[in-house]
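I opened this entry to keep a record of what I looked up. The notes run in the order in which I made the searches.

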Amino acid sequence: MSNKVWNDVDEYIIEKLIPDNQTLENVLIANKQAGLPKIDVSPTYGKLLYLLAKIKGAKQILEIGTLGGYSSIWLARALPEDGKLITLEINPEHAKVAEKNILDANCQNKVKVIVGKALESLHTLTESNQLFDLIFIDADKPNNPHYLELALRLAKSGSLIIADNVVRNGEVSDESNHDESVLGIRKMMDILSNDPRIESTAIQTVGLKGYDGFVLSVVK
Ligand code: SAH
Ligand code: DHB
Ligand code: MG
């Protein structure tokens, strides 16, 4: 689903509020040249991630699903000098493109890309005593319930957990839809709906990336 008005308004917002976007536009050009899918967050969403990280005063950020590093760079830019972002990616080709983009964006000192299955990397992280102030879940959706459980183990009181693509053109509430990704989102929503560890909402979004939405949670 797409809509010309949504796109025009997104372009308008980008022009007004995200003017200095060249480095990040270069990331999208590099991704295209490398043949990566165009499933990065939109500029307005990237800036939302950046603002949330700033509001939170995040020093340690964890991202699940790097792709070409577009959202990683938005998040890294919100970090203080001594801040760190760890981002998890299964596809070595994506990780290679991301590493180059992160270098070109001068974020290499703050960002570490870990290549491998996110579930395995997350389990390793739980053994390292590292906790994160903000966790962005944006990889394979069938694993979202597991990513949420692991994110809760890697978070502290007050940490933000954000999960992308939870609306999927409205598929989430279409009971006739049994797609694996949709089932993964619903299982995650079921955990969130009655979990005493966390408070959440979900917001629908429209714009350059069509009709979707995200979950925003704060750990109690
Ligand atoms: N956050 C990125 C977009 C991520 S797209 C941005 O907004 O710029 C989802 C990414 O998750 C893809 O690169 C895909 O290869 C990766 N992925 C899929 N399954 C995964 C898994 N099991 N472990 C780690 N990464 C995975
Ligand atoms: C897909 C994944 C995403 O993270 C996204 O933002 C859009 C689409 C996908 O796997 O199709
Ligand atoms: Mg996404």
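**Conventions.** I worked on a predicted model, in which local features need pLDDT of at least 70, side-chain atom pairs count only at pLDDT 80 or more, and totals for chains, interfaces and linings use all residues. Residues are numbered from 1 along each chain as its sequence is written, chains are lettered from A and ligands numbered from 1 in the order in which they are written, and side-chain values use heavy atoms, with hydrogens and water left out.

**Metal site.** I looked up the donors of the magnesium ion (ligand 3), where a donor is an N, O or S atom within 2.8 Å of the metal (3.2 Å for Na, K and Ca). Asp138 (OD), Asp164 (OD) and Asn165 (OD1) coordinate the ion at 2.0 to 2.2 Å. Water is not among the atoms, so the site may look incomplete. Along the chain the donors follow the spacing D-x25-D-N. Asp138 lies in the loop between β4 (132–137) and α7 (144–153) and Asp164 in strand β5 (residues 155–164), so the pair ties together parts 26 residues apart in sequence. I take helices (H or I, at least four residues) and strands (E, at least two) as DSSP runs, numbered from the N terminus. Asp138 and Asp164 are both buried, that is, under 20% relative accessible area, with exposed over 50% and partly exposed in between (1.4 Å probe, protein chains only).

**Ligand 1.** Of the 22 residues around ligand 1, Gly65, Ser71, Glu89, His94 and Asp138 come nearest. For Ser71, a side-chain N or O atom is 2.8 Å from a nitrogen atom of the ligand. Asp138 also has a side-chain N or O atom 2.8 Å from a nitrogen atom of ligand 1. For Glu89, a polar side-chain atom lies 2.6 Å from an oxygen atom of ligand 1.

**Strands.** I checked pairing, which requires at least two DSSP bridges between two strands. Strand β1 (residues 60–64) pairs with β2 in the parallel sense over five bridges, and Ile64 has Leu88 as its bridge partner in β2. Strand β2 and strand β3 (residues 111–115) also pair in the parallel sense over five bridges, with Leu88 opposite Ile114 in β3. From β2 the chain crosses through helix α5 (residues 92–104) to β3, a right-handed β-α-β crossover. Right-handed means that, with the strands pointing away from the viewer, the path from the first strand over the helix to the second runs clockwise. A right-handed β-α-β unit is also made by β1, helix α4 (residues 70–77) and β2. Five of the six residues of strand β2 (residues 84–89) are buried, so β2 is largely enclosed by the rest of the structure.

**Aromatic rings.** How many aromatic pairs does a search of the whole structure find? It finds three, with rings of Phe, Tyr and Trp (its six-membered ring) paired if their centres lie within 6.5 Å, and planes under 30 degrees apart counted as stacked, over 60 as edge-to-face and the rest as tilted. The rings of Tyr45 and Phe136 have centres 6.2 Å apart and planes at 55°, so this pair is tilted. Tyr45 and Phe136 are both buried. The rings of Tyr50 and Trp74 have centres 5.8 Å apart and planes at 65°, so this pair is edge-to-face. Tyr50 lies in helix α3 and Trp74 in helix α4, so the pair ties together parts 24 residues apart in sequence. Ring pairs also link Tyr45, Phe136 and Phe214 into a cluster.

Key. A residue is near a molecule or strand if one of its heavy atoms lies within 4 Å of it. A polar contact is a pair of N or O atoms within 3.5 Å; within protein, one must be able to donate a hydrogen and the other to accept it, and residues adjacent in sequence count only if both atoms are side-chain atoms.
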